[in-house]
Amino acid sequence: LGNLGASLWNAAAIVAAVPLVGWLAHMLVRPLGAIFGAEGQLAAASIARSPTRAGVTAAAVALIIGAAITLTSLSTSFRASLDDYVARLLNGDLVVSAVSTEGGWLETPLPDGLGAELAAVPGVRRVEMMRVIPGQFFRGQRIGILALSDGLIAPERQPPLATGDPTTAPDEVRAGRGVYVSTTLADRFAVVLGDTLELDTPTGVLALPVVGTLPDYISDRGSVILARRLLVERWHEPMVSRLLLFLDPGTDIDGVQADIVARLAPRFRTKVQKLPELLAYHASVIGRAFQFTDTIQLLIVIVTIAGVFDLLLSSIAERRRELALWRLIGADDRAVRRSITIESGTIGTIGALLGIGLGYVTAWMWVAINYRYLIGFHLQYHFALAATVWFVILVLAVTALAGYLASGTAMRDPITTGIQAE
């Protein structure tokens, strides 16, 4: 239904483009005349005479811009949501994890004894630990487990709760009397606040109430967030995925980082990162995943040039006598070129404005509805404003270029040939 809604919304833009362009063309006769003189009036009149053809071209431009805005806004929303999640959860001065992975994005676990060792490093105030376990069976499917030490179970460390009391829920999770579940798991398995969640463990079934739901990106099938002591007691899993180090105020973070690297290098292949370095790493991974969105710029250029250039050539062929008469009464070649370029730019502007509205709503549909049901993650909606501005500039530049190139066709024929054409 989400895909159907997005398709109908895109189709509505095509249907609305023709009457919209016709109405705007009549409305723009005076403004374009006031700004550009006779060339602007002629450009608006030309669009008004062929609203269907101009509307279809504007719709094509709008569709490609709308698609570009949708993809870039989806990428921006995913990046911003994950950055916020990582910055909250891993907001330590230094983060220690293994270089190698378990075959995917998840680092190979490290011994929990490193926590006490790193806490003894000069300048380190405290150490918090977390463990991520993928593949936990739950109702016939595999979900993720995120086990956190007590200092990481706090409202400022997780995204805002979708359900649950933010003042009492953290205490219940820290004490091992309750769990958080991700909104993805809540959607997929119809789990609501207060339900008893049953998890199979090596020591038997663990049954705990759900005290809160929140966005989490450990698994696209959902995840359970619980106290690390439960993982150690019930799963017999003392290993840790990441260690977060909090330093004393005024400590030289670079010096502590170098000290830890030197201590661990002989025994472990680890990476010791500051939070900005960690965020940059995640941003680079996400950037590679959405790198295909850069190719949409090439599509914008191709579609805009092909559509606008074809429209203008057809318009020039039909207006050959009109343009010849205009040149006959004194209009120079530059005036004719300006008129055709203004016409092209006006169509591009209308298409760009229509595309912004189209892309804004379509992107919201994908972020708020489609992505949630297709992938499972709940994302914050972030409109890709900078990319949208660039797409509009690109369209206006390309339409102006197409108009200038097409106007050369009107200049090739002698004035007498244009008059005799009728």
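I began with strand S4 (residues 179-182), which runs parallel to strand S6 (residues 204-214) and is joined to it by 4 bridges. I note here that the model is a predicted one. Looking for a pair of residues between these two strands, I found serine 182 opposite leucine 214 in S6. I then turned to strand S7 (residues 223-227), which runs antiparallel to S4 and is joined to it by 2 bridges, and there I found tyrosine 180 opposite isoleucine 225.

Next I asked which residues of S4 lie on each side of the strand. Val179 and Val181 are on one side, Tyr180 and Ser182 are on the other, and all of them are buried, so that both faces are covered. I remembered that side chains in a regular strand alternate between the two faces of the sheet.

Glutamate 128 counts as buried because its relative accessible area is 8%, and the cut-off for buried is under 20%. I looked up the polar contacts of its side chain and noted one of 2.9 Å with the side chain of arginine 126 and another of 2.5 Å with the side chain of serine 149. Among the other residues that glutamate 128 touches are Asp150, Arg242 and Phe246.

Last, I looked at the surface, where Ile305, Leu401, Tyr404 and Leu405 form a nonpolar patch with about 370 Å² of accessible area together. Helix H14 (residues 385-412) gives the most to this patch, with 3 residues, while isoleucine 305 lies in helix H11 (residues 296-318). Isoleucine 305 counts as partly exposed because its relative accessibility is 31%.

Key
Residues are numbered from 1 along each chain as its sequence is written. This is a predicted model: local features need pLDDT of at least 70, side-chain atom pairs count only at pLDDT 80 or more; totals for chains, interfaces and linings use all residues. Side-chain values use heavy atoms; hydrogens and water are left out. Patches are made of residues with over 30% relative accessible area and no salt bridge: like charges are joined within 9 Å, nonpolar side chains (Val, Leu, Ile, Met, Phe, Trp, Tyr) within 5 Å. Accessible areas come from the Shrake-Rupley method with a 1.4 Å probe; for residues, only the protein chains shown count as cover. A salt bridge is a side-chain nitrogen of Lys or Arg within 4 Å of a carboxyl oxygen of Asp or Glu. Buried means under 20% relative accessible area, exposed over 50%, partly exposed in between (1.4 Å probe, protein chains only). A polar contact is a pair of N or O atoms within 3.5 Å; within protein, one must be able to donate a hydrogen and the other to accept it, and residues adjacent in sequence count only if both atoms are side-chain atoms. Contact means heavy atoms within 4.5 Å. Two strands pair if DSSP finds at least two bridges between them. Lists of a residue's contacts leave out its neighbours within four places in sequence.
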